[in-house]
Amino acid sequence: MPENSSEDSRHPALLYHEFPRPGKLEVRPTKPLANGYDLSRAYSPGVAEACMEIKANPDDAARYTVRGNLVAVVTNGTAVLGLGNIGALASKPVMEGKAVLFKKFANIDCFDIEVNESDPVKLAEIVCALEPTFGAINLEDIKAPDCFIVEKLCRERMGIPVFHDDQHGTAIVVGAAATNALRVAGKEFADIKIVSTGGGAAGIACLNMLLKLGVKRENVWLCDLHGLVYEGREIDMNPQKAAFAQKTDKRTLDEVVDGADLFLGLSGPGVLKPEHVARMAARPIIFALANPTPEILPDQVREVAPDALMATGRSDFPNQVNNVLCFPFIFRGALDVGATEINDAMQIGCVEGIAALARATTSAEAAAAYKGEQLSFGPDYLIPKPFDPRLMGVVASAVAKAAMESGVAKRPLPDLAAYKAKLDASVFRSAMIMRPVFEAARVASRRIVFAEGEDERVLRAASAMLEETTEVPILIGRPDVVEMRLERAGLSIKPGRDFELVNPQDDPRYRDYWQAYHTLMQRRGVTPDLARAILRTNTTAIGAIMVHRGDADSLICGTFGQFLWHLNYVEQILGNEGRHPVGALSLMIQQEGNLFIADTQVHPNPTPEQIAETAIGAARHVRRFGLAPKIALCSHSQFGNLDTPSGRNMRGALEILDAKGVDFDYEGEMHVDAALDQELRARLLPNSRFEGPANVLIFATTDAASGVRNILKTRGGALEVGPILMGMGNTAHIVTPSITARGLLNMTALAGTPVAQYG
């Protein structure tokens, strides 16, 4: 069992891999197969046409098959994560996980291939034989020095990219971090002294990358378990280490660390001591990348060198060196131009793209996506966040450009700017739209109270919160019921240790809570006895009072019961200081594109003023996802062709928005098809206010909005994020009984992101 594993985490991890079906991958067709005609094209006789085209021109395999978007993750399981040589079969969950990352981050299809072959030459022969199937090869978790041999042979013999991510992925991210660290420190690659610990594949690749970026070989001092790598050393040597051997009498890290500008650690915990840091050069750069425990902790570094620039491999410290910043996007760019290899120019293009992205902190897209977080280039922001939505466009296009300029692109792109725009759009048309929200929530550390804390979906969401965010879950529920359901669900989280549990039947703050509620409601027909009863039995009211008194930052309720019933108590208690319910906005995540629907809950028959206010609130929330709002006011009437109540209300809302001079695109009144179809809208109204499809549909009644929302969910396969309660300053959100545990987790990320204005 790895060092950072425990029985508490082991059982949920195994359940995750086993249910609802074993493993993390499946294969789905991309073409219709509904009738005999489809069958005749998919297989015999139609398939022969594609075969003959490829025989005549092998490059056409990228046109007629999945090969141009298919990567193999290949391993023999000899150096798996922190598990070591566990063998090919036991490595399969890791390789499936890598395949999932390819798909989720860069929409690259991937097969994991685990091979029972320990001989590196024979393994290389097997990999080479796979070339007709794949557009690229990702070698993974092969021990050193075998990995060097396998990669060298494959690159020499294959006409497709071969990339050992453990080496080059780490090296690229280290190169980007070093580029920016030196910029902050005011130093140059050519002038710095580097001391490195760990002579494995990743360590050697990082040093080679730094040489490509301008470091002088004579300024590199490499240490491993046996001390300094020096000329004449015989123990545990290979050609890759020998390339960094120093001609010296020094033998230990302690002897060579004086005056070092950069420490690069890919070794083990505690290798670098504070006294070593104190003897390094001014403004030292410390990359302590061992996981889970780095060579030295940031706090130890700060004690002796407050101005040090620090990076680790961990997500709970600034500047996480994570391969996911690199490998999905370098393969994306390589595949899209039909690269025959991933060469030095492409790797350096990747380095420069990642480094430049960290410096481009004034991007409006990033600012909207990471609301509440300071993305200011400097010591604590040397490389982008792993889920930065700009990575796809920036890094993949930089790699594609380098491939074309270096002459290895078989399918050069005619327009790099258009390619980057397409990549950016693909990111936001997928579930990746939620990733910036999660990143912002991780920084905020807000306290989220769940009114229905006994619900298993809430318990699962709270467990996921602890893994994926820095938010603090507070659950309202009876302790015996909560503990029983935690045990039944196989969840290892515990009240008092992992989350706060508020017992509605016995909480020491009960008197303060009912009195606070009575103070708010005493002139609205609520007596002290009624206030006591409500604050003993109504968990939505308890959660709202907690937010009102500052014991929590945001409330999530509604996993059972009717939306307006919950809204009544939310508005009573939290509807002050300018806050009032504006509308409910649902984000519908679809394969075809993301669509926001409003108002699905709050105003059954809204007035023009309420519709306009809903549009303004929707625009504000859409921008939290890094999107530019395009709002369509939908009704039975289309651009004034019917004198119906819904048409009149939408026309009134349009006039209000015009008078306010709002800073977003809107149009109406119109049908949904005109809102989503630019060509149709142009025929009906050639001078429409915006181009392209709307991404926000606002309806004249909640019946219409809720109906569209439910159709998209049940028949369109859309995933709902929401409803987002607008107008309450992120103090409360009311979900619906159909919400899943994952949906609740998405809502906690939204609730966990502070908003500057009431949203």
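1. Helices (H or I, at least four residues) and strands (E, at least two) are DSSP runs, numbered from the N terminus. Do keep in mind that this is a predicted model, where local features need pLDDT of at least 70, side-chain atom pairs count only at pLDDT 80 or more, and totals for chains, interfaces and linings use all residues. Residues are numbered from 1 along each chain as its sequence is written, and side-chain values use heavy atoms, with hydrogens and water left out.

2. Take helix α14 (residues 327-336): it is mostly covered, with 9 of its 10 residues buried. Among the buried ones are F327, P328, R332 and L335. After α14 comes G338, with a positive phi near 60 degrees.

3. Next, look at helices α23 (residues 528-537) and α24 (residues 539-549), which pack at about 95 degrees with their axes 6 Å apart. Axes here are lines fitted to C-alpha atoms, for helices over the stretch in contact, and angles run from 0 to 180 degrees between N-to-C directions. So α23 and α24 are roughly perpendicular (65 to 115 degrees; under 35 is roughly parallel, over 145 roughly antiparallel, the rest oblique). In contact (heavy atoms within 4.5 Å) are I534, L535 and T537 of α23 with T539, A541, I542 and I545 of α24.

4. Finally, E669 sits in strand β18 (residues 665-670). E669 counts as buried because its relative accessibility is 2%. Leaving aside neighbours within four places in sequence, E669 contacts several residues, including L633, F639, M650 and R651.

Key. Buried means under 20% relative accessible area, exposed over 50%, partly exposed in between (1.4 Å probe, protein chains only).
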